[in-house]
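Open the model in your viewer and show it as a cartoon. Keep the sequence panel in view. Each stop below tells you what to select.

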Amino acid sequence: MSRTAPDMTLKMAREVLGVSSASTPAEVRKAFRAAAKRAHPDQGGDEGAFRQVMDAYQRLQDPLGDRFVQAPVRARPTPDPDLEISPKLALEGGDVDHRMPDGQFIRITPPPGLRSGDKVQAAGHELSVYIRAHDGVLVRGDDVWMTAKVAPGLLKKGGRITVDTPLGRRSIWIDRKAAERGLVRVEGEGLPARGRREAGHLFVRLAANPGLADSAALSLLRRFAAAWAA
């Protein structure tokens, strides 16, 4: 049985991916891709091993929790050949300036819906797309993940929250089941469909913030319930 991300130490995560504390972000990504390919069930691996690889990468890379660790950057003779884009650019498409290995800067216009690992052609080069985490937003496969700070009472009773997502502000209803597990899925708000890939979803982790008060509607509902029971 594989360890989940919260139980996995940095040492374990590095051992799973075969990297060290001195590995650069690009080297960690390369090791992750190779390990994920080997462990993927469609490639002869098994689900447990694949989940362990995903958890290891999350442990090293995930900026959404307090565990975020950024691998140190050391000087490289040439820039990383990957085309790094933000989650927002992956969702909507747009322009990005990219430095080629020869030092030349070119402007690339990726289409919406690119996934990490997709290839794009630019200036005679084939670039591998990597969607980097940005402003607390992380892309996993087709899905977009983020964290929202909510009032503690919402994690017990549920309610409605307003969240600023890469696609704009969204009003999300949290039912009691989602509140209890601290995670809500918003259908179809992940990466858009592209080729054979279906549209992804938005996953919002719910984190209690004691400094936030319950919404006026929820507070009113509780006062009503208390008065009714009196």
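E11 covers residues 202-208, runs parallel to E7, and is joined to E7 by seven bridges. Strands (E, at least two residues) and helices (H or I, at least four) are DSSP runs, numbered from the N terminus. Two strands pair if DSSP finds at least two bridges between them. Strands of a sheet pair through backbone hydrogen bonds, either parallel or antiparallel.

This is a predicted model: local features need pLDDT of at least 70, side-chain atom pairs count only at pLDDT 80 or more, and totals for chains, interfaces and linings use all residues. Residues are numbered from 1 along each chain as its sequence is written, and side-chain values use heavy atoms, with hydrogens and water left out.

Now colour all of E7. Six of its eight residues are buried, so E7 is largely enclosed by the rest of the structure. Buried means under 20% relative accessible area, exposed over 50%, and partly exposed in between (1.4 Å probe, protein chains only).

E6 and E7 run antiparallel and are joined by three bridges. Pick Val139 to find one: its bridge partner in E7 is Val144.

Zoom in on the loop between E6 (138-140) and E7 (143-150), where Gly141 is found. This hairpin has two residues between its strands, and Gly141 takes a positive phi near 65 degrees. Is Gly141 buried, partly exposed or exposed? Gly141 is partly exposed, because its relative accessible area is 42%.

What does Gly141 touch, leaving out residues up to four places away in sequence? Select Arg115, Leu191 and Arg197. Contact here means heavy atoms within 4.5 Å. Then select Gly200: Gly141 and Gly200 are 59 residues apart in sequence, yet 8.1 Å apart in space, C-alpha to C-alpha.

Last stop: the largest pocket, with a volume of about 990 Å³. Of its 31 lining residues, the closest to its centre are Phe32, Met54, Ser116, Arg140 and Gly141. A pocket is an open set of points on a 1 Å grid over the protein atoms alone, where a 1.4 Å probe fits, with protein on both sides within 12 Å along at least five of seven lines; lining residues have an atom within 4 Å of a point. The volume is the space filled by probe spheres set on the points, which are joined across faces, edges and corners. Finish by colouring H3, which gives the largest share of the lining, six residues.
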